[in-house]
Amino acid sequence: MSDIFFWVFSVMAVVSALSVVLNRNPIYSVLSLIVCFFSIAGHYVLMGALFLCAVHIVVYAGAIMVLFLFVIMLMNLKDVPEFVSKWWHFGAAGAAVAAMVFGLATHLFQSYNPRVIGDMQLKPIAQALFTTYAVPFELSAILFLSAVIGVVALGKSE
Amino acid sequence: MTAILVLSGVGILSMIADALQLGRWMRWITGIGLVAAFAATFCPFVIPTTMLVFDETSLTWTRMLIGFTAVLYSLDRHSDGHHHHDALLIFSLIGAVLMTAFSHILMLFLAIEILSIPLYVLAGSGDSHHSLEASMKYFILGSFATAILLFGIALGYAGVPAGALLVVIGLCFKVGAVPFHLWVPDVYEGSPVRFTAFMSIVVKIAAIAGLARFLSWGFGYRPLLIGLAVISMIIGALLALHQTSIKRWMAYSGISHAGFMLVLVALGEVVFPSLLFYALAYGMGSLVVFGLLGAQDQFDDRIDSLTGLFFRHPALSVGLILGLLSLAGIPPLPGFFAKFLVLAHTWHLGLGGVVGVALLASLVSTFVYLKFVSVLFIRK
Amino acid sequence: MIPTYSYLVLGCILFSIGTLGVLIRRNVVIVLMCIELMLNAVNLILVSVCEPVFVFFIMMVAAVEVSVGLALIARVYRKFGTTDISTFGQLKG
């Protein structure tokens, strides 16, 4: 059963990701990205990471994508020429991506070290965040603070 | 650790001071805070954590970074008006300090972000269109590099050995080593001069320190790094030849110096004191150049604008010339000993080809610096 | 049970698609979306090898990056009237 879901979510994720990249209309790209995020959330459920799935949907689909939609609606982006025009850009991009996929694929299967999917529920994550990872957790507050100051600075200085 | 606590406090204080419009106290708060943070690096108090390690190595880097920022800040005369920049600068410095002290890969990632996010904003804080463009370029390429670094980390967790390579590439982007250097001249040119100086001194040294610490975990990419270093040295020096903008010129000369530092990083922990000395010499040289140029009433980015400076401001010119000659590696200035150490170490390890290219690169860059110095003596 | 490496392969494919997008698109907003896609591919791999805390931090940083990035894009749009990367050619490369 979960095999079927795996394939459904995988195909959905790849197709919608391709549609993000290849769509000419930015609004369709945003909607495809939302579909992609939801299928990734489906994968999280399959792996038993329920809390992460919830956070993922709230943060990505709920906050980030709404922000994107808002910005795209705010500016009228119809007149932007959508793709790089030079053919060799396409060639270089395709070659780079193909090289990466092949390079990884050759490495992948000889040395892959699978781990047991353990408990990824709320309690162990919270425990880790406030014990082992307490310092990075606190330091991330600095990151947020600088983002807030930065966005205010960008917004007001005109 | 205490230094980070002090710096965070100073950052928050200057943010509040900005909100309460206490503009004239700002410079005092930030300045005294930076000195206090420097003093705090000598305090033995540590918070028990497995994420950060404050050994002699990272403390030395930390002192260097805070010291450079403090001197840079005190030399800066153009900070009127936009006080939120002080808070962002301090937060960015915290990221730089963290990059020298991480002992967990998560901390490296977080440090890079804390270093970069304020810088994206600071790069765009100038008045011109160029500044905003520079900021946009820096943001897109920086986020792209971060994504590649994260992919490397994820592959590392999955047991794929190529993961560490992608992390090294992500860090080389921050250093500005040659195939990943395309953003450096544009971003340096567009940013306001005080933040260009911060990027070329503090950010570059922090990235080098982070790379050295990451490689000290035992990832063997020595041949690759030496290759990148060799290309950076020579290409940085060659591209500096025909620049007309001071900031672009400093960007390319910084790329060349990054090449020399990468050689030392690649040689491992044995040559660590030399790396430290090179970073110190490079930082001091750049500090003198940027500090003196930025201290002029009106900063003009064209190299031509310095024509005949020696006859107008002899004292300033002498300082500038000393800084430039030190960067060029003319004895008896510190830059000479730094470059000499690189050559000695590589020769000692039998890497004759690298020594040859390094010699060629220093020859070219000496010519580049002398060309700059000669501009100061041309009568109008 | 789905073997873990299939998630690794899926993550690599999604990451490659994101990279492709960053390289071929000219609209900054889409480029930023492709970077988000890359971060999500990373998250997928990290969840499959059971590193939930790391995923948590990446989500946080992604939110920060997007907020700063969109603020920048909005400012660029107000100043230049476009979000096309290739018009930023005033600085030579």
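Modeller: Two residues are in contact if their C-beta atoms, placed from the backbone, lie within 7 Å. This is a predicted model, in which local features need pLDDT of at least 70 and side-chain atom pairs count only at pLDDT 80 or more, while totals for chains, interfaces and linings use all residues. Residues are numbered from 1 along each chain as its sequence is written, and chains are lettered from A in the order in which they are written.

Biologist: How many residues does the contact take from chain C and from chain A?

Modeller: Chain C gives 55 residues and chain A gives 67 residues.

Biologist: Which helix gives the most on the side of chain C?

Modeller: H3(C) does, with 20 residues; helices here are DSSP runs (H or I, at least four residues), numbered from the N terminus.

Biologist: And how does that side of chain C divide by class?

Modeller: It has 39 nonpolar, 11 polar and five charged residues. Ala, Val, Leu, Ile, Met, Phe, Trp, Tyr, Cys and Pro count as nonpolar, Asp, Glu, Lys and Arg as charged, and the others, Gly among them, as polar.

Biologist: Turning to Leu65(B), which residues does it touch?

Modeller: Not counting residues up to four places away in sequence, Leu65(B) touches Leu93(B), Ala96(B), Val97(B), Val202(B), Ile205(B) and Ala206(B).

Terms used. Helix = DSSP H or I, 4+ residues; strand = E, 2+ residues; numbered from the N terminus.
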